[in-house]
Amino acid sequence: MKLVVNVIEQLINGLGAGSIYALIALGYSMVYGIAKMINFAHGDIIMVGAYALYVFVVLLNLPVVAAVILTIGLCAILGITVERIAYKPLRKAPPLAVLITAIGVSFFLQNAALLIFKSNPIPFKSIVNVNTIKIGSISIRGITAVILVVTFVSMILLTLFINKTKAGRAMRAVSEDKGAAQLMGINVNRTISMTFAIGSALAAIAGILFISQYQSLNPFMGGLPGIKAFVAAVLGGIGSVPGAMLGGVLLGIIESISKAYISSELSDAIVFGVLILVLLLKPSGLLGKNRIEKV
Amino acid sequence: MSTNKQTKLSSNKKAISKTWIVIFKIVLIIAIYVIISSLVRFDILNRQYKALLVPIGVNIILAVSLNVVTGFLGELSLGHAGFMSIGAFTGALFTLNMDMPGTLEFIIAILLGGTIAAIFGFFIGVPALRLRGDYLAIVTLAFGEIIKAIIKFLNLPSGKDAAGNVKMVKGTMGLSGIETYADYTWVYVALVIVIVICANLIKSRHGRIITSIRDNYLAAESIGIHVSRYKILAFVIAAFFAGVAGVISGHNVPIIKPNDYDYNKSIDILVFVVLGGMGSIKGSIIAATVLTVLPEILRPIKDYRMLMYAILLIAMMLFNNSKFRAGLNENKSLAKLTGLLKFGR
């Protein structure tokens, strides 16, 4: 019985971590679907979001709700700016050039944060204060419950947005066929900017949740979750929105189970091993579409 | 008749000038060595710069070897530091646990480190068969992280203690007490060998095949080239040399840690290659040298180094793909001016 409870608790922890990965993975996946590039700097938006929240809450003493909204807005604007300055001029460039630029942006954000906030981790008390919830003998940390709820709501809103609104339809059209979408009168540039904004806003939400869980800030905190979220996006099938959600949750559960029952040091190796296996066995991911390469 | 004679003459001339070029290169190689060693012998360089000689050499080897994959094969590798790490730890484990005469031990360590790294290079080359571009870059990145995690997890035998028992050290702590064999002579010899092999490989049939895969892999495949075989070849060669660089760099400092060879180190190497010009060995050598020395000269702004790298990377890519650059390319004389910034395609 104790073992069962333990396993269930680990699964819930995994679900919590996985939800954060899923939120980040959505950004990767949407951007990849629409701009056909891996936005390497996406993980660092999480870091920017976390620091922004810290600045708004601790240094400027703003109320939490205002701080959260400002953080999300700031990250969305950052996402658009990065796209305009670094990626837009490279639309027709070889993929290698775009990838290197994205790595450059990621490096830029990390080191800018390093210069501004120094490398020492800054402790930052969680803005979410919810007591541990007990269901029978299973206890769920308050923050995990909040993460699950926030992620669930964000995903429903996102799905509704993509499927029900005109802007969402434009996004789907552009990711399907850029040229044809343009002929139909869709403003491709604006749609791409919007995708970056939404992706970055989701990353900001993920950053806020992440910092509420780990309560410590450092300039490189975005790197590893970012890469893992990318693994999640690939696992679910890059370019697919439900795939990113599924991949994130699966990855979180794999990670938390391997941390608990195999080795916490090897958990990263296992997560990346999963990525390599997926790419070898089913490169299009669990829910992705097969792409046929044409000359 | 006469034309026949002429072509014979001119081909003779060509052969002669080729020999002269080779002789010139050999003289240049020796001359550079003499200059470096006299700079060291007569204490013209201060300690700070002497300590830079080995890192410069190591970085050149790394940049040239990464150039084989990124510049010539056209695949981005973000796990180059992983191969270096394998080399460094293999080499250090070997010299720590063996009792051989120094020189022999170090030579074997270098070859062993390179070989083990090359074996891993083969394993990373296998997923490369199915993947290209973005996905492959991510796999190499994942690979580097896996290597780091595994080394951290392992218990490593690091020599014997006073009582003669083998000391086991947790990988996270890194290896310490490594004999610092590597000096500028070792690095220089290794560096010359690596450059000569890479430069000749590129000029050879195999090298041309590798660049043809970069330029259009579908076309290469359609004329019967084993794309996968050559992809693996490029990865194995690059991994071997990165392993060699790892062994040398590991024997330059008394302590190595898995975290020394992380993602950031891979990006460092990538910056050398991109800045020097993808597909240009000369460029890699110059960029690696300049970017290793520069932070030492510019100590006061050392904190800004990484930020500058990031801006350089972005600016370089934007410049290379701008209309301005395309205009320069049309004007051949100006294209020569930007030779250092060559993008390779």
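A cavity here is a set of grid points where a 1.4 Å probe fits but cannot get out, and its lining residues have an atom within 4 Å of a point. With that in hand, here's a quick tour of this predicted model. The lining of the largest cavity is made up of B:Leu78, B:Gly79, B:Ala81, B:Gly82, B:Leu141, B:Gly144, B:Glu145, B:Tyr261, B:Asp262, B:Tyr263 and B:Ser266.

**Cavities**

- Searching the whole structure turns up 4 cavities of 30 Å³ or more, and the largest holds about 60 Å³ of space.
- Three stretches of chain B, namely α3 (80–97), α6 (133–153) and α11 (263–276), each give two or more residues to the lining of the largest cavity.
- Of these, α6(B) gives the most, with 3 residues.

**Core packing**

- The largest nonpolar core has 194 residues, and A:Phe40 and B:Ile248 are the ones that touch the most other members.
- Helix α2 (residues 47–73) of chain B supplies the largest share of this core, 14 residues.
- Apart from that core lies another one of 5 residues, which includes A:Val5, A:Ile12, A:Ile138 and A:Ile140.
- Neighbours within four places in sequence aside, A:Phe40 has contacts in its own chain with A:Tyr28, A:Leu99, A:Ala102, A:Ile103 and A:Ser106, and in the other chain with B:Leu78, B:Ile138, B:Leu141 and B:Tyr263.
- Look again at the cavity: B:Leu78, B:Leu141 and B:Tyr263 are among its lining residues, and A:Phe40 is in contact with each of them.
- As general background, nonpolar side chains tend to be buried together in soluble globular proteins.

**Chain B overall**

- Chain B contains 15 helices and 4 strands.
- Out of its 345 residues, 49% count as buried.
- Take the contacts in chain B between residues at least 6 apart in sequence: 74% of them join residues at least 24 apart.
- Chain B has an accessible surface of about 16,800 Å², with 66% of that belonging to carbon and sulfur atoms.

- Helix α5 (residues 142–164) of chain A runs for 23 residues and spans 33 Å from first C-alpha to last, close to the 33 Å expected at 1.5 Å a residue.
- Buried positions in α5(A) are A:Gly142, A:Ile143, A:Thr144, A:Ala145, A:Ile147, A:Thr151, A:Ser154, A:Met155, A:Leu158 and A:Ile162.
- Their cover includes α1 (2–35), β2 (133–135), β3 (138–140), α6 (166–176), α8 (188–214) and α10 (241–261) of chain A.
- Helix α11 (residues 267–281) of chain A has 15 residues and reaches 21 Å end to end by C-alpha, close to the 21 Å expected at 1.5 Å a residue.
- In α11(A), the buried residues are A:Ser267, A:Asp268, A:Ala269, A:Val271, A:Phe272, A:Val274, A:Leu275, A:Ile276, A:Val278 and A:Leu279.
- They pack against α9 (223–236) and α10 of chain A, and also against α6 of chain B.

**Positive phi in chain A**

- Most residues other than glycine have a negative phi.
- A:Lys118 has a positive phi, near 65°, and sits in the loop between α4 (95–117) and β1 (122–123) of chain A.
- With a relative accessible area of 51%, A:Lys118 counts as exposed, because the cut-off is over 50%.
- A:Gln215 also has a positive phi, near 55°, and its place is the loop between α8 and β4 (216–217) of chain A.
- A:Gln215 is partly exposed, at 32% relative accessible area.

- A:Ala173 belongs to helix α6 of chain A and is partly exposed, at 26% relative accessible area.
- Setting aside neighbours within four places in sequence, A:Ala173 is in contact with A:Ala181 and A:Ile186.
- A:Ala173 and A:Pro225 are 52 residues apart in sequence, and their C-alpha atoms are 30 Å apart in space.

Methods:
Residues are numbered from 1 along each chain as its sequence is written. Chains are lettered from A and ligands numbered from 1 in the order in which they are written. This is a predicted model: local features need pLDDT of at least 70, side-chain atom pairs count only at pLDDT 80 or more; totals for chains, interfaces and linings use all residues. Side-chain values use heavy atoms; hydrogens and water are left out. The expected span of a helix is 1.5 Å times one less than its number of residues. Buried means under 20% relative accessible area, exposed over 50%, partly exposed in between (1.4 Å probe, protein chains only). Contact means heavy atoms within 4.5 Å. Accessible areas come from the Shrake-Rupley method with a 1.4 Å probe; for residues, only the protein chains shown count as cover. A nonpolar core is a set of buried Ala, Val, Leu, Ile, Met, Phe, Trp, Tyr and Cys residues joined through side-chain atoms within 4.5 Å. On a 1 Å grid over the protein atoms alone, a cavity is a set of points where a 1.4 Å probe fits but cannot get out, and a pocket is an open set with protein on both sides within 12 Å along at least five of seven lines; lining residues have an atom within 4 Å of a point. Grid points are joined across faces, edges and corners, and a volume is the space filled by probe spheres set on the points.
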